[in-house]
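Reader: I am new to this structure. Could you walk me through how to read its features?

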Amino acid sequence: MGSTTTSKKSLYSSQQDSEDFWKVDADDHEFWDAYVSSRPNYSQPFYKIIHDYHSSHSSSHALAHDVGCGAGQVTAELAKHYAHVIASDTDADHVAVAKARLTKDFDTSRISYTHSKAEDLSTHHPPSSADMIAAAEAIVLMDRDAGLQSFARLLKPGGTLAAWFYGRPTFSDPELFAKAQPILDKIMVRNWKKVIEGSAPRRAWGFKRCADAMESWLDFLPFEEGTWRDVH
């Protein structure tokens, strides 16, 4: 046996120029523990809206995809409702994190894992095979046209695509908004500046693509008539 010297790369570290600016090593356990414990959680009433919508037009709950699975929080939720879930991510380290966190509760008969860009998923899995595709915080990171085409090929007739993201935290109380929101905004800008500061062109472009997509509240997505219906 031998050992090697490795250096951790965090979200803020320099890395190969790529539009995939969101990357954290699988062995950075401190980051992932903090990320999972502190990021916003999707509520059960929110998930119920998605599940009820799918059940309103389909009785099939055989297979779901969690696209851009990250640490696997959405994967675990989907596994409560679907016989099998495929967790995928464009980054192999993120897939490894999800697998490490989920295998203690779900075996391979319930969850499997694919290292793939969302745009390429239909080259890894059969067409018309998925009942549900969930893209949480992910659809703003991908090539919109290639991603939607891939999803359309994967979904069964009557299948559901659920895409969502959360925006910048905002105080709902008017007084707090006036006093505290400028402070919070400066903190957010400072933190994200670290992600792109000194970035090579493709990485900076990837960040801008994501920011512009979030600013549009997903109105940038071209859901073509004849392929998609009941778009909300």
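**Pocket and salt bridges**

Author: Gladly! Let us start with the lining of the second largest pocket, where the residues divide into 16 nonpolar, seven polar and three charged. Here Ala, Val, Leu, Ile, Met, Phe, Trp, Tyr, Cys and Pro count as nonpolar, Asp, Glu, Lys and Arg as charged, and the others, Gly among them, as polar. This is a predicted model: local features need pLDDT of at least 70, side-chain atom pairs count only at pLDDT 80 or more, and totals for chains, interfaces and linings use all residues. Residues are numbered from 1 along each chain as its sequence is written, and side-chain values use heavy atoms, leaving out hydrogens and water.

Reader: Which element gives the most to the lining of the second largest pocket?

Author: That is β5, with 10 residues. Strands (E, at least two residues) and helices (H or I, at least four) are DSSP runs, numbered from the N terminus.

Reader: How should I read a salt bridge?

Author: Side chains of opposite charge can pair when their charged atoms come close. The cut-off is a side-chain nitrogen of Lys or Arg within 4 Å of a carboxyl oxygen of Asp or Glu. In Asp131 and Lys156, the closest N and O atoms are 3.1 Å apart. Asp131 lies in strand β4 and Lys156 in strand β5, so this pair ties together parts 25 residues apart in sequence.

Reader: Is Asp131 buried or exposed?

Author: Asp131 counts as buried, at 1% relative accessibility, while Lys156 is partly exposed at 25%. Buried means under 20% relative accessible area, exposed over 50%, and partly exposed in between (1.4 Å probe, protein chains only).
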